[in-house]
Amino acid sequence: MLKKFLQILMFALLTLTQVHSEDEVVKKIVYNLTTGDLDRFQSRLIKGIVSHATYYESKLQDLEVKVIIHGDAYKFFMSDLKNTPYATQKALVKAQPDLHKRLKSLTTHYNVTFLVCEAGVKNRNLNPKAFYPFAKMVHNAAIGLIDAQHEGYGYMPLH
């Protein structure tokens with residue numbers, strides 16, 4: 001009798017797991033972020049992610065986002081612009097406190113992972129410690145993009 005009960009229980013658990021996994025839909029996108037344009041960065045990345053996440057949430061689906069940062073985009077993820085080539089960009093310096101709050105919010109509320117191209121940081125002589133703690137280093141942008149796409153993330157360029 002115990003054996004029969006265990007068989008029924010296993011069948012029920014397997015069935016529930018299968019139904020549950022079919023109901024869980026996660027959309028995945030990886031942004032290839034190279035733009036240094038502040039307006040484009042704010043409208044396409046920050047506002048775009050919030051808009052996309054809200055859309056999928058209304059469909060009872062999750063959105064996971066990875067952002068690979070390289071090119072001219074490093075400046076948006078640096079906590080200290082002093083002693084960098086970006087220190088003289090007045091609009092950026094003025095926007096930086098708000099950008100920091102919004103970017104941090106994306107990590108905590110919207111499943112966003114920020115990955116900084118370490119090779120580019122070195123090539124530009126930027127200090128890796130000057131980046132926000134939530135922006136993690138990845139060996140290089142190509143590796144980050146390859147890994148994300150291998151994990152099922154769809155590719156989205158943002159130049």
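Glutamine 42 sits in helix H2, which spans residues 38–58; helices here are DSSP runs of H or I with at least four residues, strands are E runs of at least two, and both are numbered from the N terminus. This is a predicted model, in which local features need pLDDT of at least 70, side-chain atom pairs count only at pLDDT 80 or more, and totals for chains, interfaces and linings use all residues. Residues are numbered from 1 along each chain as its sequence is written, and side-chain values use heavy atoms, leaving out hydrogens and water.

**Around glutamine 42**
- Glutamine 42 has a relative accessible area of 19%, so it counts as buried (under 20% relative accessible area; exposed is over 50% and partly exposed in between, with a 1.4 Å probe and protein chains only).
- Leaving aside residues up to four places away in sequence, glutamine 42 touches Lys47, Ala95, Leu99 and Arg102; contact means heavy atoms within 4.5 Å.

**Aromatic pairs**
- Seven aromatic pairs turn up in a search of the whole structure; rings of Phe, Tyr and Trp (its six-membered ring) pair if their centres lie within 6.5 Å, and planes under 30 degrees apart count as stacked, over 60 as edge-to-face and the rest as tilted.
- Phenylalanine 41 and phenylalanine 77 form an edge-to-face pair, because their ring centres are 5.8 Å apart and their planes meet at 85°.
- This pair links distant parts of the chain, 36 residues apart: phenylalanine 41 is in helix H2, and phenylalanine 77 is in the loop between strand S2 (62–69) and helix H3 (90–109).
- Phenylalanine 41 is buried at 0% relative accessibility, and phenylalanine 77 is buried with a relative accessible area of 0%.
- Phenylalanine 114 and phenylalanine 134 make a tilted pair, 5.9 Å centre to centre with 55° between the planes.
- Phenylalanine 114 belongs to strand S3 (residues 112–117) and phenylalanine 134 to the loop between helix H4 (118–123) and strand S4 (135–138), so their pair ties together parts 20 residues apart in sequence.
- Ring pairs join Phe41, Phe76, Phe77, Phe114, Tyr132 and Phe134 into a cluster.

**Strand S2 and its partners**
- S2 is largely enclosed by the rest of the structure, because six of its eight residues are buried.
- Strand S1 (residues 26–33) pairs with S2 in the parallel sense over eight bridges; two strands pair if DSSP finds at least two bridges between them.
- Asparagine 32 has isoleucine 68 in S2 as its bridge partner.
- S2 also pairs with S3 in the parallel sense, over five bridges, and valine 65 stands opposite valine 112 in S3.
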